[in-house]
Amino acid sequence: MKIKSAAVLGAGAVGAYFVYGLTDHKNLDFCVIADGARKERLERDGITIDDRKQVRTFRPVIRTPEEARGVDLLLIAVKYTALESVLEDIRKIVTPDTVVLSLLNGIDSEEKVAAVVDPSQIVYSLMRISSERRKREDGKEVISFNPDLGWGVYLGEKGSRKKSGRIRAIEELLADTPCGAFFVEDILRDQWAKYASNICYNLPQAILDLPYRAYFDSEHVEYIRRKMFEEVRTVGAAYGIDVPEPILYRDTCAEDARFSTLQDLDAGRHTEVDMFLGVLMEKAAAAGIEVPWAEFAYHAIKALEEKNDGRFG
């Protein structure tokens, strides 16, 4: 298999990573999918990316879902809160030969995408990049990340520990780009590990409004992190997943790093807490497991969203 065309649906922090890596690919027909006012905005403004060396505005080809139909590779990179609204677009884009990657955080996006495409077309994946969206003084959005960290997309086949031909094709596609591609033998376990990391590092920070270094400087913050991980591990075990504990070190991230949930709250956006804790609570309830730390964190973040919405004056 050889990938000759690819499209990314969603041009935020994750989608921009592939815009950065694939826009100038000489042997690939690459596009970003959008329509209506969003298509007009992307064609007018482009996508501005800061890779720590330079700030550059990329201008990839923008196509509607209908125009992108039949691409060899579809990269789904929308926010979790937008996934339901783009399922019909995904249905329009995908044909029987399309390989689909859902790059959203969490553990259930592939299940949602499988409602509109043949599940056998989905390669399971997860993203590890450190990215941030920010506004410049002129009001335009900049997406920044550090490609030198060597992270990227991690790929595996559900139910198989073998590297498939289509995973080799994706590796070959990204080999000559700044985007990393890494094969994973047990992709479901790795997805749960990333999921656990987001829950126990991302969410306590968002509630407490503290920098990353607080996990190392405060026994209380570390206690909350550990309790939230224990709940994820218990729920994962009920579904046959041995969830490894994510251990980050002080130098893993910048000491003042603010992860995606706190970035959303800082910017007045709604968060992806439903993807993290909403799903965990649903799976816990189905398995008869109590998750009080998750329930508290879920409602605390929802209250902070309401605060940002001006609900309390």
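**Exercise 1: the whole chain**

Among contacts in the chain between residues at least 6 apart in sequence, find what share joins residues at least 24 apart, then see how many of the 313 residues count as buried.

*Solution.* Start with the contacts, where a contact means heavy atoms within 4.5 Å. Of those between residues at least 6 apart, 72% link residues at least 24 apart. Before going on, some ground rules: this is a predicted model, with local features needing pLDDT of at least 70 and side-chain atom pairs counting only at pLDDT 80 or more, while totals for chains, interfaces and linings use all residues. Residues are numbered from 1 along each chain as its sequence is written, and side-chain values use heavy atoms, leaving out hydrogens and water.

Next, burial: 50% of the 313 residues count as buried. Here buried means under 20% relative accessible area, exposed means over 50%, and partly exposed is in between (1.4 Å probe, protein chains only). The chain exposes about 14800 Å², with carbon and sulfur atoms supplying 47% of it; that area comes from the Shrake-Rupley method with a 1.4 Å probe, and for residues only the protein chains shown count as cover.

**Exercise 2: overall build**

Count the helices and strands of the chain, and test its radius of gyration against the globule rule.

*Solution.* There are eleven helices and twelve strands. These are DSSP runs numbered from the N terminus: helices are H or I with at least four residues, strands are E with at least two. Now the radius of gyration, which comes out at 19 Å, close to the 20 Å that the globule rule gives for 313 residues, so the chain is as compact as a globular protein of that length. The radius is taken over C-alpha atoms, and the rule is 2.2 Å times the number of residues to the power 0.38. Finally, along the principal axes, the C-alpha atoms fill a box of roughly 50 × 50 × 35 Å.

**Exercise 3: helix α8**

Check the span of α8 (residues 219-238), then work out which of its residues are buried and what they pack against.

*Solution.* First the length: at 1.5 Å a residue, the 20 residues should span 28 Å, and the end C-alpha atoms sit 29 Å apart, which agrees. The expected span is 1.5 Å times one less than the number of residues.

Now the burial: Val-221, Arg-225, Met-228, Phe-229, Glu-231, Val-232, Val-235 and Gly-236 are buried. Down the helix axis they fall within an arc of 155 degrees, so they line one face of α8; the arc is that of the directions from the helix axis to the C-beta atoms. An α-helix has 3.6 residues a turn, so residues three or four places apart point the same way. On the other side, Glu-219, His-220 and Ala-237 are exposed.

As for partners, the buried residues pack against α6 (187-208), α7 (214-217), α10 (273-286) and α11 (292-308). Just after α8, Gly-240 takes a positive phi of about 80 degrees.

**Exercise 4: positive phi away from glycine**

Where does Arg-52 lie, and where does Asp-209?

*Solution.* Most residues other than glycine have a negative phi. Arg-52, in the loop between β3 (47-50) and β4 (55-58), has a positive phi of about 75 degrees and is exposed at 55% relative accessible area. Asp-209, in the loop between α6 and α7, has phi near 55 degrees and is partly exposed at 45%.
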